[in-house]
Amino acid sequence: INRGFEQELGLRGLRPKQTTPLNAMVLIHCKGKTEEHQFLFETTVDSPVSTVVRELVEIHNLRLRIFRLKVEGDELASHGPCRPPDKQGLDEDIQAEADGVATQERGSTYVKDPNGKRDGNAPISQVQTMLRKALDDAACAASKKQVAQKIVTTKKALLDAIDIIRGAVMISYPMGIPKWDPVRLDIESDETPGNTPSNVDVLDPNTAQLWWAGKQLLPSNKLSVHLGNNEKTKVIAKLTKKGNGPPQREAPVSAEEQKAMMAYYHKRQEEMAALERNQEDDYNNSAWANNAALKSH
């Protein structure tokens, strides 16, 4: 049945390639305000900074969109579509008892949502597996692990991943899901900056700023003005919102390296303290303390 779903959805033809070869182009390791917000991007030194910033922001926002789809899509697969906003958080059984009405008939795939956000009408297990696979593939395409694998993230690959999720949702719920469901909103709508938790990290392509080496790359210039004419240049740049100023400089060592260094120095201190406390002369029995060692050869 999974093979039939894949053929109907066209997963084999739509699945984005996970490996994009690194050509002789400018490679930008773009970072955001957290470790999760990073990806690789290729361009040329002749590209205007304004165009590069817009393309970087589009990829950044698409990655956020996929992360939201992954979270809400897993909930959709487990507990079905969202209930109306005025019904969310209310227990169906308690509400039906209070209203004096019988609860609606529930199907064999019903799984009650403990948070009361979704109606519990989950798809069958085979469809759940197909939907989760589409979500996992999309999350992999947008993952920060792509940087360690030296895989360039492209707008097309992310849009293809979202299209696969759209098709998987259509197969899971042929009659459609409510217009207020977060999955449908993220599939159909573009990102808009705001102050809500879901879009606080979304950037505006018209006002976002790109920083490198503590300096802003001016939108009116070409990349070559700031980076030179070498197409094989690799830089680490950061995206910020307008008015935030230059981003904070990164620590010379990573958190993992700092932990390893602290553990080493702590262990070394304990060893030195143990040597200071040791007043015994048992070291005289060591091979290196034998004055006649050379005569024995």
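These notebook entries record what I looked up in the predicted model of a protein chain.

**Entry 1. Ground rules**

I worked from a predicted model, in which local features need pLDDT of at least 70, side-chain atom pairs count only at pLDDT 80 or more, and totals for chains, interfaces and linings use all residues. Residues are numbered from 1 along each chain as its sequence is written, and side-chain values use heavy atoms, with hydrogens and water left out.

**Entry 2. The chain as a whole**

I began with the secondary structure and found 10 helices and five strands. Helices (H or I, at least four residues) and strands (E, at least two) are DSSP runs, numbered from the N terminus. I then looked up burial: of the 297 residues in the protein chain, 36% are buried. Here buried means under 20% relative accessible area, exposed over 50%, and partly exposed in between, with a 1.4 Å probe and protein chains only. The accessible surface comes to about 18600 Å², and carbon and sulfur atoms hold 53% of that area. These areas come from the Shrake-Rupley method with a 1.4 Å probe; for residues, only the protein chains shown count as cover. Among contacts with a separation of 6 or more, 74% are between residues 24 or more positions apart. Contact means heavy atoms within 4.5 Å.

I traced the five strands and found an open sheet in the order 2-1-5-3-4, with mixed pairing. Strand 2 and strand 4 (215-216) are the edge strands, each pairing on one side only. Two strands pair if DSSP finds at least two bridges between them.

I next followed strand 1. Strand 1 runs antiparallel to strand 2, joined to it by six bridges, and the two form a hairpin with six residues between them. With strand 5, strand 1 pairs in the parallel sense over five bridges. I noted individual partners: in strand 2, I28 is bridged to F41, H29 to L40 and C30 to F39. In strand 5, the bridge partner of I28 is V235.

Which way do the residues of strand 1 point? V26, I28 and C30 point one way, L27, H29 and K31 the other way, and all are buried. Strand 1 is therefore largely enclosed by the rest of the structure, six of its six residues being buried. Strand 2 is mostly covered as well, with six of its six residues buried. On one side of strand 2 lie Q38, L40 and E42, on the other F39, F41 and T43, and all are buried.

**Entry 3. Helix 3**

I checked the length of helix 3. Its 31 residues should span 45 Å at 1.5 Å a residue, and its end C-alpha atoms are 45 Å apart, which agrees. The expected span is 1.5 Å times one less than the number of residues. Just after helix 3, G80 takes a positive phi of about 80 degrees.

Helix 3 lies across strand 1, strand 2, strand 3 (209-212) and strand 5, at about 145 degrees to strand 2. Axes are lines fitted to C-alpha atoms, for helices over the stretch in contact, and angles run from 0 to 180 degrees between N-to-C directions.

Not counting residues up to four places away in sequence, H60 touches H37, F39, D201, L203 and L239.

**Entry 4. The nonpolar core**

I looked up the largest nonpolar core, which has 46 residues; I28, L56, I165, V169 and L210 have the most contacts inside it. Such a core is a set of buried Ala, Val, Leu, Ile, Met, Phe, Trp, Tyr and Cys residues joined through side-chain atoms within 4.5 Å. The elements that give two or more residues to this core include strand 1 (26-31), strand 2 (38-43), helix 7 (155-172) and strand 5 (234-240). Helix 3 gives the most, with 11 residues. Leaving aside neighbours within four places in sequence, V169 is in contact with L76, L131, I177, V183 and I187.

**Entry 5. L90**

Finally I located L90, in the loop between helix 3 and helix 4 (92-99). L90 is partly exposed, with a relative accessible area of 34%. L90 and P114 are 24 residues apart in sequence, and their C-alpha atoms are 10.0 Å apart in space.
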